[in-house]
Amino acid sequence: MALLEVRDLSITFHRKGEEPSVAVDNISFNVEPGQTVGLVGESGCGKSVTSLAIMGLLPSRGAKVGGSVTFEGEELLGLSQRELDERRGRDLGMVFQDPLSSLNPVVPIGLQISEVLERHRKLGRKEAKAEAAELLNRVGIPDPKRRLDEYPHQLSGGMRQRALIAIALACRPRLLIADEPTTALDVTIQAQILSLLSELVSGTDTALIMITHDLGVVAGLCDEVNVMYGGRIVERAQRHALFAEPRHPYTHGLLASIPRLDAPRGEKLVPIRGSVVDNIAWSRGCAFAPRCPSQLEECWSDPPELVDDRGGMLRCHNPVEVAPMAAEGAR
Amino acid sequence: MSDDVLVTIDDLKVHFPIKRGIVLDRTVGYVYAVDGVSLTINRGETYGLVGESGCGKTTLGRALLRLVEPTDGRADFDGTDLSTLKGEELRTMRRRMQMVFQDPLSSLDPRQSVESLLVEGMRAHGLDKGKEQTHQRLKELLAAVGLPESALRRYPHEFSGGQRQRIGIARALAVEPDLIVADEPVSALDVSVQAQVVNLLEELQDELGLTYLVIAHDLAVVRHISDRIGVMYLGSMVEEADSDELYRQPLHPYTRALLSAIPVPDPVVEDSREQILLSGDLPSPADPPTGCRFHTRCPWRQETLCDTDRPQLREIGEGHRVACHYAEDILEGRLSPHEVEPELVQPDAVTS
Ligand SMILES: Nc1ncnc2c1ncn2[C@@H]1O[C@H](COP(=O)(O)OP(=O)(O)OP(=O)(O)O)[C@@H](O)[C@H]1O
Ligand SMILES: Nc1ncnc2c1ncn2[C@@H]1O[C@H](COP(=O)(O)OP(=O)(O)OP(=O)(O)O)[C@@H](O)[C@H]1O
Ligand code: SF4
Ligand code: SF4
Ligand SMILES: [Mg+2]
Ligand SMILES: [Mg+2]
């Protein structure tokens, strides 16, 4: 049994006087213990709402969630707030893009950590405080004992993200969800945080869902990658397979369009034409069709299904057969 | 000075006073945003400026365009010291230097149609020469940035991010500049759209012979688009080289760390590369470290010089400048990196 099973998850937002909008459309994936699974895709494709749905953090009014999310076989959707709270403290941890908005600005860092420890791990005051300092130390915050009494605004962006990771790890969760944990950080700080995350999960049975738009981050960190487009998963593959042999025209196009640090200069980038505003509805055909260089006539009338493909999954009528140009050029 | 040089920046400094107190408004310190930077940009070339948040990239660009008054040093544009220009002269010169911003939506007035956004600049600089001619020019501009003519009557919010950035570029081009300072031109855009804008900038340069100063924190984008690259750290230039050379042979410890920190979308590369992980945070530009500004995080820091003497940018190899006392020893492998204890940085030092 997988640690986390997401089955046919759909998320629809209802706003007064507006058509309901489908943000996530029947997505399914598993996360095994110890595994790092990537969710990638561009802005608005539904990455964050997927993670919020798993955590039970979507607003109960206005957002309709369908399908099933099971954690060690137990259904999470439909749990009461109290039960969810319990789960979130004990089994599920989450790290967001913007640490400042997820830390309480008026409570010292140490207290924010020890509160979690007291509530969920039933530690005493003193123990919790010592453990909080130990956690800060573990995430690489210098002089942790002094940090305990400081407020979030007294920490730099990178240190705040470390503090947030410490809170997420406080209860030794079985699953950690990181939603763009480094997007707001500088590259040298991003490298610190990514190496910290991979250190924390590798060799343990803690699983990690890594949400990012950065294919570079995925390439270094994830075992398996789900590529999302317009609220659906369009390709799933092991990390090496995905980059060596991207099968979906969107994945392929992304890899050809991003400049690589190690590519020789003067090579032209091959952009993907248009933008997501050109998408058509999945109910009509393939959402990517208006931008797709491999489109066929049927792509406009016949929605492709997600099917098994070379050890992964693929949703496309006309998959790519050749290696991406960027990879060819760089070697 | 050679004819090929369009921009010369010499020991430029921009220090922002930190004010405290409501009544007296005392100056209690300075943010050393740009602290002695020198560089030249040749006509028709793309100069890339990289470095982490707060290192002074934007301020340098703004000081060049005289959108902020430099504290010291000078900036020459096409052989003229910009500080000697006033009023009308400065305005005329400014037409030749345009800026493209990171966030196209916030830099475009939402109440103005695309047509009025484009005509505004032309009018201000007397380039609006009659209805017929202006319309012709607008059509050319839109074609140049790949937007349909129908865009003229529409408003910025009706466009996607990439299209808005095209409008921003068209607006800069409308006044026929020589130099475009592009500050993070693609970082607000979706990955799948960035390449469109990068290619557009390159095509326009080929066609119009433009000179670019491209400011970005994304070194992969900068390396792709630039002929030469300057790396900044805390208000200083620490290294400058030809774009390929910088990647092949980074000399400054900070550049090495920066290059090694950038994830490459290729698992084969990712699995095998050696990272130089820097410990600690960027110090505050209001309280920069003594000596070499990088010494608090430098894995090659030495007992002598590093903490006390500020290294000057000096040439090692053709066109390759570096500001490190020990660049040669590091290059030849005579010095090896060591662990660095992270020093604490208080983010508020600047603001509170
Ligand atoms: N509370 C909400 N009410 C209405 N629509 C929402 C809400 N939250 C998200 N959406 C919509 O759901 C879609 C998916 O949003 P989501 O935040 O998951 O995107 P994302 O993939 O995380 O993008 P990004 O990379 O920008 O973070 C978007 O179209 C968004 O506008
Ligand atoms: N008008 C101003 N008044 C006071 N301080 C300023 C002002 N503008 C910039 N600064 C400060 O100067 C320093 C350099 O800022 P600048 O915007 O030039 O950095 P940057 O390299 O462009 O960073 P980023 O990558 O975040 O855009 C920062 O510490 C910033 O807070
Ligand atoms: S289904 Fe058709 S339009 Fe969609 S990605 Fe595949 S080839 Fe392109
Ligand atoms: S001068 Fe010293 S501290 Fe500065 S980069 Fe060189 S070795 Fe490092
Ligand atoms: Mg998101
Ligand atoms: Mg800036």
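This is a predicted model: local features need pLDDT of at least 70, side-chain atom pairs count only at pLDDT 80 or more; totals for chains, interfaces and linings use all residues.
Me: How do the residues of the shell around ligand 2 divide by class?

Reply: They divide into five nonpolar, five polar and two charged. Residues are numbered from 1 along each chain as its sequence is written, chains are lettered from A and ligands numbered from 1 in the order in which they are written.

Me: What makes a residue one of those around ligand 2?

Reply: One of its heavy atoms must lie within 4 Å of the ligand. The residues around ligand 2 include Phe16(B), Glu52(B), Lys57(B) and Pro285(B).

Me: Which helix supplies the largest share of the shell around ligand 2?

Reply: H1(B) does, with three residues. Helix H1 covers 57-64 of chain B, and strand E2 (26-42) also supplies at least two residues. Helices (H or I, at least four residues) and strands (E, at least two) are DSSP runs, numbered from the N terminus.

Me: Why is the pair between Thr58(B) and ligand 2 called a polar contact?

Reply: A polar contact is a pair of N or O atoms within 3.5 Å; within protein, one must be able to donate a hydrogen and the other to accept it, and residues adjacent in sequence count only if both atoms are side-chain atoms. A polar side-chain atom of Thr58(B) lies 2.6 Å from an oxygen atom of ligand 2, so the pair qualifies. A polar side-chain atom of Ser53(B) lies 3.2 Å from an oxygen atom of the ligand. For Cys55(B), a backbone N or O atom lies 3.3 Å from one. The protein covers 61% of the 640 Å² of accessible area that ligand 2 has on its own (Shrake-Rupley method, 1.4 Å probe; for residues, only the protein chains shown count as cover).

Me: What polar atoms of chain A lie by ligand 1?

Reply: A side-chain N or O atom of Ser48(A) is 2.7 Å from an oxygen atom of the ligand. A polar backbone atom of Gly44(A) is 2.8 Å from one, and for Gly46(A) a backbone N or O atom lies at 3.0 Å.

Me: Why are H5(B) and H6(B) called oblique?

Reply: Angles under 35 degrees count as roughly parallel, over 145 as roughly antiparallel, 65 to 115 as roughly perpendicular, and the rest as oblique. H5(B) and H6(B) pack at about 135 degrees, with axes 9 Å apart (lines fitted to C-alpha atoms, for helices over the stretch in contact; angles run from 0 to 180 degrees between N-to-C directions). They are therefore oblique to each other.

Me: How do you know that H4(A) and H5(A) are oblique?

Reply: Their axes cross at roughly 120 degrees and come within 8 Å. The two helices are therefore oblique to each other.

Methods
Side-chain values use heavy atoms; hydrogens and water are left out. Ala, Val, Leu, Ile, Met, Phe, Trp, Tyr, Cys and Pro count as nonpolar, Asp, Glu, Lys and Arg as charged, and the others, Gly among them, as polar.
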